[in-house]
Structure formats: C-alpha cells, structure tokens
Amino acid sequence: MQTSPSALVVSIHDVSPLTRERVGEMLSDLAALGVERTSLLVIPNHHYRAPMTEDPGFCQWLGDLSSRGHEMVLHGYHHRRASIEAGSAPLEKKGPSSSLRDHLITEYYTAGEGEFYDLSEPEARQRLDRGLEDFQAAGFHPTGFIAPAWLLGEEAERAVRGAGFSYTTRLKNFKDLESGREVVSQSLVWSVRSAWRRQVSRWWNASLATRLQGNPLARVGLHPPDWDHPAIRTQILKLVGAMLAGREVMTYDQWLAHLRTQ
Ligand SMILES: [Zn+2]
C-alpha cells in the first residue's frame, strides 16, 4: 500500500496593510529555505485601521502571492475581541468556574485578540459575510477561516460552516467542516511579548517539533512580531528547515484536498 507524504503547512497570521512589509521579509526568508507556499491569514480591517478594500496596492501584492501558490485565509474581521471593544466585562456571564480560565486565555494568551471567541452565531455570520465581501472584491474566494488566536466559539463555528467555509483550524487541530473530521496536530507558535516568554517558547517549540515527527501533518504558525527577535527567527528557520526533510510543503486548502482523498 502506498503511503501518502507527510505535510508541512506554514501559516503567517495577521497579514494586513499594517504588517505587509514584515510579512514580505518573512516570505523571502522562507522562500530561501524552499518554502514557496504558505497559508496567509489576512485580516480585512486590522484593528479598524487598515481596510484592505481601500488599499489596492496591498490587494495587488496579495493577488501576486496567490498566483504564486500562496493561500488566502480569512482571519477575523477586525481581529479584536468584541466584548473588549465595547468595554464591558464579558467574563462574568460564563460563571465563576470558567472565568479564571477565560481570563487567562484572554489576558495572557491572546492579549484581547480573540474576536470570534464569544460572538453569537448571527454576530459571527455578519462579520464573516463582510470579510467574504472584502475578499471577493479583491478577487479571493477563501475556503478556510481561522479565528484570531485560534479562539472559535461553538456558535461562531456554526456561522463559519453556514457561510460556506470548508475548514478551520485551532491550536491543536485541523477540522474539515463538511465531514466534521478532525486531525490532531498542535501548531508550533511563539510567544514573544517578554524575554521569559521567548525563552519558554524556544524550549517548548523545540520539544514540540520532536514530538510531531511521526504526525502526518506538521503546522508552523508565525506572527509578524516573531521576526523582531533574531533568536526566535533563527530557531523558526532552523526548525522549518529540519521539517522539510520528508515532508511536502502545502497550504491548508491543499492539505484538505489531500485529506479528502484518504
Ligand atoms: Zn491573528
């Protein structure tokens, strides 16, 4: 029986007019290693400050990347958690048992960026439709939606499926939204907001990369600020370089197509 190739998906989160230059550097470093296609997680209006629809140069740049094999993935709309926008105290409604965990998720892990974490289905749908409209205006027809900080609530997931997306990912898995099939594979991701986080991240990701060796899917999730830190950037390129041996580089939509043939 023929064994199918193992895959490596490198994704770059938070692609927007605000991060374009940095993402360009990341892409050239990755291309120099041999990673010629990535999944680009694009924010239609990053923090309300960078509407892609008003930046034809940005859309053209994305269009060029798309024609070279990179995938455009919808990544939230503003990328900021709604309850934080409204200045309310969103954690109380979930009750005391989950509030500490939510607090930790919100404050320490996502820094308030979990836009799709606690949206109702209609609220989520509205943002998704708006995002799809902006993408379509630029000529993109995304098959994937990935929530900011991978935090996708249950209601929001129903909205994502209802809006016609084929897949989503979370920190620990990839999900085919048509069949409901999930593939367990924890993404490498770096937290760079402080020196101790960078230290822990380097240790954690080296160990995670080793544990993923037998997994058919390896995922590397990058953020533009990762490139501010030479030690992190060097480690990322080293780990990605090592993962290339024995893995085929693909985008998430290619991985989905591959999965559906299994
Ligand atoms: Zn993000």
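In helix H1, Glu25, Asp29, Leu30 and Leu33 meet Arg233, Leu237, Val240 and Gly241 of helix H8, where contact means heavy atoms within 4.5 Å; helices (H or I, at least four residues) and strands (E, at least two) are DSSP runs numbered from the N terminus. The structure is a predicted model, in which local features need pLDDT of at least 70 and side-chain atom pairs count only at pLDDT 80 or more, whereas totals for chains, interfaces and linings use all residues. Residues are numbered from 1 along each chain as its sequence is written, and side-chain values use heavy atoms, with hydrogens and water left out.

**Exercise 1.** Describe how H1 and H8 pack, giving the angle and the distance between their axes.

*Solution.* Two packed helices are described by the angle between their axes and the distance between the axes. The axes are lines fitted to C-alpha atoms over the stretch in contact, with angles from 0 to 180 degrees between N-to-C directions. For H1 (residues 20–33) and H8 (residues 230–243), the angle is about 35° and the axes lie 10 Å apart. The residues of this contact divide into 4 nonpolar, 1 polar and 3 charged, where Ala, Val, Leu, Ile, Met, Phe, Trp, Tyr, Cys and Pro count as nonpolar, Asp, Glu, Lys and Arg as charged, and the others, Gly among them, as polar. As a further step, glycine 34, in the loop between H1 and strand E2 (39–42), is 207 residues from glycine 241 in sequence but 8.2 Å from glycine 241 in space, C-alpha to C-alpha.

**Exercise 2.** Identify the protein donors of the zinc ion, and state which parts of the chain aspartate 14 and histidine 79 tie together.

*Solution.* Donors are N, O and S atoms within 2.8 Å of the metal (3.2 Å for Na, K and Ca), and sites may look incomplete because water is not among the atoms. The protein donors of the zinc ion are Asp14 (OD), His75 (NE2) and His79 (NE2), at 2.0 to 2.1 Å, and along the chain they follow the spacing D-x60-H-x3-H. Aspartate 14 belongs to strand E1 (residues 6–15), while histidine 79 sits in the loop between strand E5 (71–74) and helix H3 (82–85), so the pair joins parts that are 65 residues apart in sequence. Both aspartate 14 and histidine 79 are buried, a term for under 20% relative accessible area, with exposed for over 50% and partly exposed in between (1.4 Å probe, protein chains only).

**Exercise 3.** Determine how the buried residues of helix H6 are arranged around its axis, and what covers them.

*Solution.* Within H6 (residues 154–162), the residues Ala156, Glu157, Ala159 and Val160 are buried. They lie on the same side of H6, because they cover an arc of only 160° around the axis, the arc being that of the directions from the helix axis to the C-beta atoms. Their cover includes helix H5 (121–137) and strand E7 (173–176).

**Exercise 4.** Compare tyrosine 48 and alanine 149: is each buried or partly exposed?

*Solution.* Most residues other than glycine have a negative phi. Tyrosine 48, however, has a positive phi of about 65°, and alanine 149 has one of about 60°. Tyrosine 48 lies in the loop between strand E3 (45–46) and strand E4 (50–51) and, at 41% relative accessibility, is partly exposed. Alanine 149, in the loop between H5 and H6, is buried, with a relative accessible area of 19%.
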